[in-house]
Every structure is written in structure tokens, then in C-alpha cells.
Amino acid sequence: MKKSMGKLLKSKNKQKNKSFFRLKRVVSFVLASSLSLGMLAGCGEADTSVNTDSDTFTNDSGDDTGYVDSLTPATDFYGYINGKELMNMSLSEKYQQRGGLDDVEITVNEQLDEIIDEIISGDAYEQGSYEQVIHDVYYLILDTYSGNVDTTEKDNAIIEEALAKMEAPADTDELINMWHDLYLDYGVRCPIGAQLSTNLKQNDEFIFELSFTSVGDLEQIKESDNGAVINRDSLADTLKIAGVSAEEATSRATDIVYGLKEIASYTNMDIVNKEIEVEDYYTVYSADELSDKLSNLSIDELICSGGYDVKTPEIIAVDDIEQWSTIDSLFDNEHLQMWKDMTICAFLNEYMDYIPSSYSAVDTTNVSVDKKARSYIKSKLDFVIGELYAERHYTDEKRETITKMCEDLRDEYYVLIDGADDISDEGKAFLKAKLDNMEFFIGADKPHELDPSDGDFFDESLLLTMINFNKKKVEKNLELYGTIPEKNGFKTMAACTVNACYMPNYNCINITAAITNYPIYDENAGYYENLGRIGSVIGHEISHAFDSSGVKWDKDGNLNPEAFPEVDREAFEKKQQQAIDYYNKFTVLGSHVNGKLTLAENLADISGVQCCLAIAETPENQQKVFENYAAVWCCLLTDTIAKRYLEIDVHAPNIVRINAVVACFDEYYEIYGVKEGDPMFVAPEERVRRW
């Protein structure tokens, strides 16, 4: 699993570029990079060939520890700050990646387990309290899978009744009505329908949006016959669970895949994979306009299958009209069985973990029941346990410090925007209006008010309990019709989710309670140390409000691409190209960083650090920002994962997130005495700045 790097990466100065990470049979991103940032930033190409033939750890250098001590801020800032920490890190089959966010995830998971331990050790909780919900869910799962209770007969009856309803429709009219009832009675979303969502172009109103829920992997089916076969076999196995004979299940699964392949052929996978700008596909149609594009499906049928009993809406949102034209062409009695089989597969996939063994293909004999119960609580009840998590681990001190930091960062962004000589006055007014309206959702929402009905979905059967739980969620979704969307960032991420993000359609920053753990936030450190840690993260997220995607949303969070002046968009494109060219010159594991793929995140890194340095003001405090920023992104991972990240991750490798960023700031050269000829030196004209 782990491999030595073998042959060292070469450069013009072998001693300076020698990598102490040879001690590891795993790859830190600094291991895979030349330590000569000057070379990677435009002074020539390094020979980045490596030898990974050996799977046996060897230490043939003899002086790696001494080399760690010899690193300076001018040779490799990332290694200078993190070298000793990385030398002491280790990976395992369980943890094949370790670093700032990974360590926070581990910490939070342990904290959640402590909360669960505390709750399950008690037995007297008020009805509807979150402790009662977690306690009862845990023991219901435990009792079911341990065999302490046997509800097979009752569960069999539930499954048989549901399957009979799904097989019953004799035509598409009956199919629509069945889908409507299935959503209300079992909380299972049908393959096609209209769901309520916030109108991205007018976010103070809800809008119906067409929704296709595929039971197969459309991209896999579209790309290859082998992918189609894999999906067919999986669907056939599911149909066999429903009592269909093996031969017939394969035949019916084949029909599903043929239908999905037709749909996939007219599906824009860039939309599916979010690789296209939202304004290029999000379209709002009037009911008449959409009706003209559909031959077999009516708007009323789509609303009905989505579970709603309301009049025809005036407007409907559609992401991919070509896809929906194809779905519409397949919606006829000739394909009736295909749609019913898709529904059966969707239902069984939703409840596979809870149906009787006579139906289920899931082998639970080697699964820890305790682990299964905990996993369910952390995933399905994340907002429930998230509130309890925040009560215990999000302190007043954290709230006060991070709130102050957010306001300090906002204030400094006003200064940066005002000082940007490549932005027009109209453009500056637009950006500052976004800052004015920007909200910060920090930590967690206020605790919910106790409602005894929150705990009334329990039943003696685990399956029926899960159905009741999903039905309650459906009821809450249906109640949104006719209301105004709540712009509450706390509703989008549970407090126990390790994350911080900018939400353009709310124009808000979300900083969860969970991410305020070490090393992202250090309770024992001062303000400027934490400014380099969580402050740089917050500054990074604020910057996304002003990147090429963020400026397409106005101060109220409405999608409005023309609001930011065209002249400013064109000026920003030139700055973006400079950033792309700069990052393209960095190599990791013999491959160049993809400056275009990582563009938005790279500029956000630079912008966040630029803002923090301005707040820090003095060299002493700016040094704290630099060094704590570098420490946050200390990371160790296997070479396999590292190579994969280079292909898919929109963030640059961690060593590049540090060395490429700090080398862009004059303060770095002044504080650490870095001069031309040093490996970390970047010529002033090549240093990238957002503002």
C-alpha cells in the first residue's frame, strides 16, 4: 500500500531540493514537489521522475532529520513550518490521508461518539427531545439487528403492500397517481416529478423545478457498454429482491438501462457534474412554454407525481430541457413497466438496510450493530445530533473571537476593494453592496423549541419507523408551498459538519461549529495566530463572493450575471489568466498543477491571506499569520490519492497552497529575508494578487 519515493527529485541544486520525506512510504505533497519554487515558478523545469518500485521502507539517506532542521523559509516554507510534524505523522488502512481538515474530522467523530455514549447510557428523556430521538433510534437499530425483536411478519406485509401498489398501474395516468401516493405514504421520491425549490433568479419565492431521480449512473451508462452492464446487473439484483425471477429480472433491468441510456444520450453531463456555469443551464419557463416542449407529460401530472395537490404554477424551472424532452418521449404505456421497475428499485434502495432478510440482499452478519446505529445517527440525524454537538463544543469564546474576525475581515475587504485600481467605480459599488448585505452564520442556530411530536415517528418496527421518519420530512417539504424561503444558512449544514463555505444564493458565509476545532482554530492561541488559521479560511470564503462565479449573484443572492459591469469582468479575466499561468508551472509527482481547474480556489487562497496580512499590520503579527496559515494545511497522504487529487480536486496540492501563496506577498520577503536566487523567490512581476 505504501511506497518509498526511491530516487530523489532532481534539480540544478540537488542539496537544496533534497526531500526529507523519503523517510515516509507515503507522500506528503511536499515530497512530490521540487523544493525549488523558483524553478517551478518559471526558472526552468525540474526532472520529477520518481522510482516507486519498492514497497519496502528504507532510510538510505542517513541525515534526513538534520535536513529537516536545515530547511529555511527561503528554501521551502511549507517544509520549514511542517517538516517535523510530518516526520511524526503516520497513516494506516483506516486513515490514508492526514492533515488539518482530516484531523478535525477525526476529532469531531470522537466527540459525536462521546455524545452518543452519554445519551445511550441514560433512559429518561422528555418526549420529543433530541436526546430521546437519538436514544430510541439507537436501541431500535440495536434490537432489530441483534435479534432482540422480530418484526419480520409485519415488515413483510409492509413490503408486499408497497410492491403491489407499484406493480398495479395499468397506464400512465394510474402511474402518476401511484407516484403521488408513494411519495406521501412512504417518503420515496418517484423517478420524475416537480419539486419545490428556491427560485435562483428571485430567491424570495419558491418555484417548482423538474426533478429526474435516476436509479442508475447515467454517466457510466453513457460512456461504455461495460458501464451499462454493471448498472443492469445491479438493477437486476434489486428486482430479484422484489421477487422477480432471475431471467425476468435481467430482462427488465435491461429495459431500464436502455431507457436510461436514451436519457443519458441527451443529458448534458457538464450540468450533472456542475462543470458548467449555472446561468448557462438554469432556465425558468412559463407553464405554456414548457407545455409546448412536452408531448406526453403535462405540468399538472409532474406536480402531482411530486406529491403536490395544487393548481398549475405560472412558472417552472428546468436545468436540462433536452434531457426532459427525452424523458417525455419515453413516458407512454409502451414503457410503463420500465417506469414501474425504476420505482421498485428506488423504493428498495431507500429501505434496503431496514427490510426483512427475506427481501434484503444486504449481509449484516459481519457488521457491527453498534457501528451501524452510530453511523445512522451521524448521517440521517445530523441536524439533531448537530444541535447537541454545538451545545457542548461551541463555546462563547469561540463565538466572540470568530464573530470579531468576520467583521474585521469584512472591514478590510472594503479597503481592498476601494484600493483596486482595475475595478470601475460602478464595479466597486456592486462589490461593496454585496459586503453590506453579506451575512455570517457562525457555529450553530439557536436551540429548537421542544415539540413532543418530534419523537412520534417511532414504531415497533425499524422499517416502519424509517418510513414514518421520511414521511415527516415530506410533510415539512409540502408545507413550504405558499411560503417565503427562509434565508437561514444554518439550515443548509448541520453544526457537526466540518465545513465553511460561501453560499451565493444567500450571499452568506457558513462556518460550522465543527470546523472550529484544532488545527483550524486553536483555543490556546492568540488572535493573530487564529487569523492565519480560521481567519484565512473565512477570508478565502468571502473572496468567493467576488470571483468569476460569485459576481454573477447580486447583493440579495439572486442570479444576475449582467449586474457586475462587463468592463470589470474583462479586467478580471486578465488577472485570472495570470493566476492560471503562475500555478501551471508547479509540479507534483511529475505532473503539473492544473491552474485552470484550481483557479477559483487559488485566488481565494491569495485573497484570504492578503486580507489577513492587512489586518495583522505589523511584521510580528504578519509572521504569525504566515506560519499559522502554513500549519493548517500540513498534510500527509498516499501517492495514489495525491495523483487522483491532481486530476479532480479544485484545490491545489497543500504544498502549493502554501508556497505559491506566501511567495506572492512582499511581506514574506521582508519578514524572512528572502532574496533573488533563493528557491522560494518569485520575481515581482510574476507575483499574483487578487486586489
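1. In this predicted model, Lys432 is partly exposed, with a relative accessible area of 24%, and its side chain meets that of Asp418 in a salt bridge of 2.8 Å, N to O. The pair links distant parts of the chain, since Asp418 belongs to helix H19 and Lys432 to helix H20, 14 residues apart; Asp418 is likewise partly exposed, at 43%.

2. Helix H19, residues 396-418, packs on a sheet and touches strands E7 and E9, its direction making about 155° with that of E7. The helix has 23 residues and spans 34 Å from its first C-alpha to its last, close to the 33 Å expected. Its buried residues, among them Met405, Leu409 and Tyr413, pack against several elements, including helix H18, helix H22 and helix H24.

3. The sheet itself is open and mixed, with three strands in the order E7-E9-E8, and its edge strands are E7 (439-443) and E8 (500-503). Five bridges join E7 to the parallel strand E9, where Asn510 stands opposite Phe441.

4. A further salt bridge, between Arg392 and Glu118 at 2.9 Å, ties together parts that are 274 residues apart in sequence, because Arg392 lies in helix H18 and Glu118 in helix H5.

5. Arg374 is buried, with a relative accessible area of 11%, whereas Asp370 is partly exposed at 27%. Through shared partners, salt bridges join Asp113, Asp117, Asp370, Arg374 and Lys378 into one network.

Technical notes: Residues numbered from 1 in each chain as written. Predicted model: local features only at pLDDT ≥ 70, side-chain atom pairs only at ≥ 80, totals over all residues. Heavy atoms only, no water. Pairing = 2+ DSSP bridges. Helix = DSSP H or I, 4+ residues; strand = E, 2+ residues; numbered from the N terminus. Contact = heavy atoms within 4.5 Å. Axes fitted to C-alpha atoms, helices over the stretch in contact; angles between N-to-C directions. Expected span 1.5 Å × (residues − 1). Buried < 20%, exposed > 50% of the residue type's maximum accessible area, 1.4 Å probe, protein only. Salt bridge = Lys/Arg side-chain N within 4 Å of Asp/Glu carboxyl O.
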